[in-house]
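Please open the model in your viewer and keep the selection tool at hand.

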Amino acid sequence: MNVDHEVTLLAEEIRRLGSKNADGKTSVKFGVLFNDDKCANLFEALVGTLKAAKRKKIITFDGELLLQGVHDNVDVILLQD
């Protein structure tokens, strides 16, 4: 799979699992994404896909890197709908 395709799939999964925040943007907790069975099967390296999507300004989240457990409550926000 190429990176652009994985980023597109990630955006779809954020829409599926997330909800609109106060700004009207779709947001999901990292722990929800990480622990979802469909995401686990889709993304070989979820953290790498998240970093690539952030670099392309498709999503945003606090910090540079998200780790399971430590960052489960961090919001992953979809910037483009």
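The model is predicted, so local features need pLDDT of at least 70 and side-chain atom pairs count only at pLDDT 80 or more, while totals for chains, interfaces and linings use all residues. Residues are numbered from 1 along each chain as its sequence is written, and side-chain values use heavy atoms, with hydrogens and water left out.

**The core.** Select L10, I14, L33, L50, I59 and V76, which touch the most other members among the 21 residues of the largest nonpolar core. Such a core is a set of buried Ala, Val, Leu, Ile, Met, Phe, Trp, Tyr and Cys residues joined through side-chain atoms within 4.5 Å. Next, colour α1 (3-17), α2 (30-35), α4 (46-55) and β4 (75-78), the elements that give two or more residues to this core. Helices (H or I, at least four residues) and strands (E, at least two) are DSSP runs, numbered from the N terminus.

**Residue L50.** Select L50 in helix α4. Is L50 buried or exposed? Its relative accessibility is 1%, so L50 counts as buried; buried means under 20% relative accessible area, exposed over 50%, and partly exposed in between (1.4 Å probe, protein chains only). Beyond its neighbours within four places in sequence, L50 is in contact (heavy atoms within 4.5 Å) with L10, F30, L33, I59, F61, L66 and V76.

Draw a distance from L50 to L65: their C-alpha atoms are separated by 8.6 Å, although the two are 15 residues apart along the chain.

Finally, select L67, in the loop between β3 (59-60) and β4. L67 is partly exposed, with a relative accessible area of 42%.
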